[in-house]
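Here is a friendly walk through one protein model, heading by heading. Keep the sequence and the 3D view at hand as you read.

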Amino acid sequence: MQAISVQSAHGNYDIQVGDALLQSVGAVIAQKIPKARVAVLVVDQAIELTWAREVAASLQAAGLRVVTHVVHASEDNKSIAQVEKVWRLLLAERVQRSDVLCAMGGGIVGDMAAFAASTYMRGIATVMIPTTLLAMVDAAIGGKTAVNLPLSSDPLDAGHSKNLSTNLSTNLAKNMAGTICAPAWVASDVRTLTTLSTREFRCGLAECVKHALLVDASMLAWLETHREGLRAMDPARLVELVHRSASVKAAIVSRDEREQGERAHLNLGHTFAHAIESLLHDQVHHGEAVSIGLVAMAAASQAAGWWPDADKFQLSKRLTDLGLPVRMPAKVDREQLKNAMKLDKKGQSGAVRLVLLKGLGRPGVLDAASEQVINAGLDAIGS
Ligand SMILES: NC(=O)c1ccc[n+]([C@@H]2O[C@H](COP(=O)([O-])OP(=O)(O)OC[C@H]3O[C@@H](n4cnc5c(N)ncnc54)[C@H](O)[C@@H]3O)[C@@H](O)[C@H]2O)c1
Ligand SMILES: [Zn+2]
């Protein structure tokens, strides 16, 4: 399948999607980054003994010295402490500006490792090897790297922390420090998805639906037609899914790398989703919150008069058919949800900013959503 090309101010790069890519990672890196002598493989613990071994063997076969560093994927570990461990390892292994770091795993390991690579010696080449569906279609594309910051427990600082995008139950300010730094290459081998839990796979599907809504009706129709093939993890269907969905994000970030306009559309459903996640952190994963958030978004779009026949589109049913949740999994106080929405960092101070649809493929930003619009969204998800 043809590579997807991404335009970036730091240099354009390709996203390769396939079902037998891991074995060739070393050869491609040797060709794309010919001066590299050392490849540091920062890898998600979940795949250390499986997929990571194939990549390490391929890097070695291409003549690179491989240094492997394993990280347990948790939001707590998306931290500056973990970044420092990677920096120290790079220093101890005398990694040079011309060497390469491969970030292999889901979005957590990808964001943290890519942050470390983009800052060590002011930036060494990064190759992203995403192994979750969400990372393949979203996190590994667009060059955003990040770590979370702990919220201060110092009462003197508490007032300040209140204004940040927070996860109220984990006490983390998410993605508060980071860089935008294009990778040298993104290699998405869908075979790795065969070891992913069904739950995590569906979380990625929610972002695929989000991307589908941002373009037109064709991709949602495709998702419905190929539901069985996807459920059976048919490699050809998975390659097509990732290729189609990654292409949507690639096109948007190519036009607006630094989120001055259009890139914000990728937050479709996310103001609702972040609020749900922040209050029900131990019950919902991000992709599940996105699915519920998309339902709220459709109802809010209708209430705002933007998408008058949104209900006819039956987004809830479509998401349910894909195995995704569409209602709040537990009762949450509505005012608390609204307050969490106001705190979302994408909002202007105090006002709730929503990305809504004027129809399929026609997103726009509503800067200060009215109570009525927000309530319509929350009614739709049973909050
Ligand atoms: N940089 C960006 O633009 C961007 C965009 C979206 C999300 N993100 C970030 O991505 C993170 C979420 O990423 P995620 O959904 O991939 O979660 P994740 O990294 O937590 O991975 C999900 C789970 O799957 C496991 N796993 C990974 N690959 C596996 C495989 N092939 N087989 C079995 N298990 C596997 C992980 O160990 C983890 O337990 C968040 O921190 C979010 O902020 C970043
Ligand atoms: Zn998301």
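Gly18 stands opposite Asp189 in E10. Helices (H or I, at least four residues) and strands (E, at least two) are DSSP runs, numbered from the N terminus. Strand E2 covers residues 13-18 and strand E10 residues 185-189; the two run parallel and are joined by five bridges. Two strands count as paired if DSSP finds at least two bridges between them.

E2 also meets E1, this time antiparallel, through three bridges. Here Val6 stands opposite Tyr13 in E2. The hairpin of E1 and E2 has six residues between the strands, and in it Gly11 takes a positive phi near 120°.

## About the model

This is a predicted model, in which local features need pLDDT of at least 70 and side-chain atom pairs count only at pLDDT 80 or more, while totals for chains, interfaces and linings use all residues. Residues are numbered from 1 along each chain as its sequence is written, chains are lettered from A and ligands numbered from 1 in the order in which they are written, and side-chain values use heavy atoms, with hydrogens and water left out.

## The sheet and its helices

Let us step back to the whole sheet. Seven strands form an open, mixed sheet, in the order E1-E2-E10-E6-E5-E3-E4. Its edges are strand E1 (4-6) and strand E4 (65-71), each of which pairs on one side only. Neighbouring strands are turned by 20° against each other on average, direction ignored. Axes are lines fitted to C-alpha atoms, for helices over the stretch in contact, and angles run from 0 to 180 degrees between N-to-C directions.

Helix H2 (residues 51-61) lies across strands E3 (38-44), E4, E5 (100-105) and E6 (125-130), and runs at about 175° to E3. Helix H3 (residues 80-92) packs on the sheet as well, touching E3, E4 and E5, with its direction at about 165° to that of E4. Contact here means heavy atoms within 4.5 Å.

## Where H7 meets H12

The axes of helix H7 (residues 198-215) and helix H12 (residues 286-303) come within 7 Å and cross at roughly 35°. Residues making this contact include Cys203, Ala206 and Leu213 of H7 and Val290, Leu294 and Met297 of H12.

## Around ligand 1

Which residues are the closest to ligand 1? Of the 23 residues that surround ligand 1, the closest are Asp44, Glu75, Thr131, Thr132 and Thr195. A residue is near a molecule if one of its heavy atoms lies within 4 Å of it.

Three of these side chains have polar contacts to look at, a polar contact being a pair of N or O atoms within 3.5 Å. An N or O atom in the side chain of Glu75 is 2.7 Å from an oxygen atom of ligand 1. For Thr132, the corresponding side-chain distance to an oxygen atom of ligand 1 is 2.6 Å. A polar side-chain atom of Thr131 lies 2.8 Å from a nitrogen atom of ligand 1.

Key
Polar contact = N/O pair within 3.5 Å; in protein donor to acceptor, adjacent residues only side chain to side chain.
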